[in-house]
Amino acid sequence: MADTVSSAGVPAMLGAKGHLTALEWIARRAEAFVIPVASMIVGMALFSLFILAVGKSPVQLYETMWRGGFGSWFSIQNSLSRAAPLLLAALCVALPARLGLVVIGGEGAIVLGGVAAAATGVATSGAPSFFAILAMGVAGMAAGGIWIGAVGALRHYRAVNETISSLLMAYIAIALMNHLVEGTLRDPASLNKPSTEPLADAYRIGNIPGMEVHWGLVVGVIACILSWLLIEKTRWGFAARIAGGNVRAAQVQGLAVGPLIVGFTALAGGFAGLAGMLEVAAVQGSANASLAAGYGYTGILVAFLARHNPLAIIPVAFLLGGIDASGGLIQRRMDLPDATVLVLQGMLFVVILFSETFYGRFKAFNPDLWQRPDLLKGPDLLKGTA
């Protein structure tokens, strides 16, 4: 009878098993949160040393940054407005990343999307506003999709590195935008700042009721949700994840890797082009040099901080939008350049890239590496794996 288990011990065993299962579930998901947060803390600490070196107070800097980005309802609205294009720019990096591609040329798709949208708005003058805005959105997405889709095609069919090609194509896109805005599409009335003809008021995108934030924020959030559903809940997303893990294995399984690469990069570029359209229709009112505002480059940081998770992009874009929004206040209150926040973003990006080496190295986040005696000891879980 020594091998039997009393009925009183069964609930305790089930309870312990359930507790362990819940702990494993938390541990597997904690890594994607803990490491990026720790990276941000380290990056901000390093940036504090830089601020001390120029004779300023890091405490005052971060206090000013908080007030400028999140300290009041006005600041929050300003941060949300800046987050709107970052949502779409980050998707331009996150979607190809699921296929193992590092696309960093979203800035080019943004400026071309803005120019295409502005030209379409002028060409459809007199048309119903709904039709004109829809046409502008399609034109912006088409321009960005073709531009970044070409990067994917070069990667698959000619083995051209997508990181280098997308970055170089961004410079070409900015030059092309300047050529069009200062030449073919220039409004003769724009003397000091060359730009396209201004959009009619009926073709402008207004603000969300009760807020000083344009509807582009809602568009960006919806795009992130739809992108998550595409990646996590569809067969195309499943195929993309397989191809991102091992292209050769995906090809052996009969997956059409080429169309996947071109399709995902084109969709990613389309989102960036839509960001350019929203900047024209909701903020600028015309296409000009202000389209190259650096949203495409900040979107890289947003995507990496969010671990290329479209849903995580939403809060991260708000955080980085707040940091961007505080630049002017930092300049006025602390007599620091407006580009100070760019230095912070650069340091954060370097630390985040370095932190990639820590994923999968800690037992605490990898239940498959747990040993039951170690689990009872507790502190041993924090030891890194060999």
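**Charged pairs and their surroundings**

Mentor: Glu162 has a relative accessibility of 7% and counts as buried (buried is under 20% relative accessible area, exposed over 50%, partly exposed in between, with a 1.4 Å probe and protein chains only). The model is predicted, so local features need pLDDT of at least 70 and side-chain atom pairs count only at pLDDT 80 or more, while totals for chains, interfaces and linings use all residues. Residues are numbered from 1 along each chain as its sequence is written, and side-chain values use heavy atoms, with hydrogens and water left out.

The partner of Glu162 is Arg155, and their side chains form a salt bridge of 2.9 Å, N to O (a side-chain nitrogen of Lys or Arg within 4 Å of a carboxyl oxygen of Asp or Glu). Arg155 is partly exposed, at 32% relative accessibility. In general, side chains of opposite charge can pair when their charged atoms come close. Searching the whole structure gives five salt bridges.

Glu356 and Arg307 also make a salt bridge, with 2.8 Å between the closest N and O atoms. Glu356 belongs to the loop between α14 (340–355) and α15 (372–377), and Arg307 to the loop between α11 (295–305) and α12 (310–325), so this pair ties together parts 49 residues apart in sequence. Helices here are DSSP runs of H or I with at least four residues, strands are runs of E with at least two, and numbering starts at the N terminus. Glu356 is partly exposed, at 31% relative accessibility, and Arg307 is partly exposed at 29%.

Arg307 has a second contact to note: its charged end sits over the ring of Tyr359, 3.7 Å from the ring centre. That description requires NZ of Lys or CZ of Arg within 6 Å of the ring centre and within 35 degrees of the ring normal.

Other rings pair with one another. The structure holds seven aromatic pairs; one of them, Phe358 with Phe362, is stacked, at 6.3 Å centre to centre and 20° between the planes. Rings of Phe, Tyr and Trp (its six-membered ring) pair if their centres lie within 6.5 Å, and planes under 30 degrees apart count as stacked, over 60 as edge-to-face and the rest as tilted. Phe358 is partly exposed at 31% relative accessibility, and Phe362 is partly exposed with a relative accessible area of 27%. Ring pairs join Phe354, Phe358, Phe362 and Phe365 in a cluster.

Back to the charges. Arg67 and Glu63 meet in a salt bridge of 3.6 Å, N to O. Both belong to helix α2 (residues 58–70), where a spacing of four residues puts about one helical turn between them. Arg67 is partly exposed, with a relative accessible area of 37%, as is Glu63, at 44%. Elsewhere, a network of salt bridges links Arg98, Glu232 and Arg241.

For a contrast, take helix α4 (residues 106–123). Buried residues make up 15 of its 18, so α4 is largely enclosed by the rest of the structure. Its end C-alpha atoms are 26 Å apart, which agrees with the 26 Å that 18 residues should span at 1.5 Å a residue (the expected span is 1.5 Å times one less than the number of residues).
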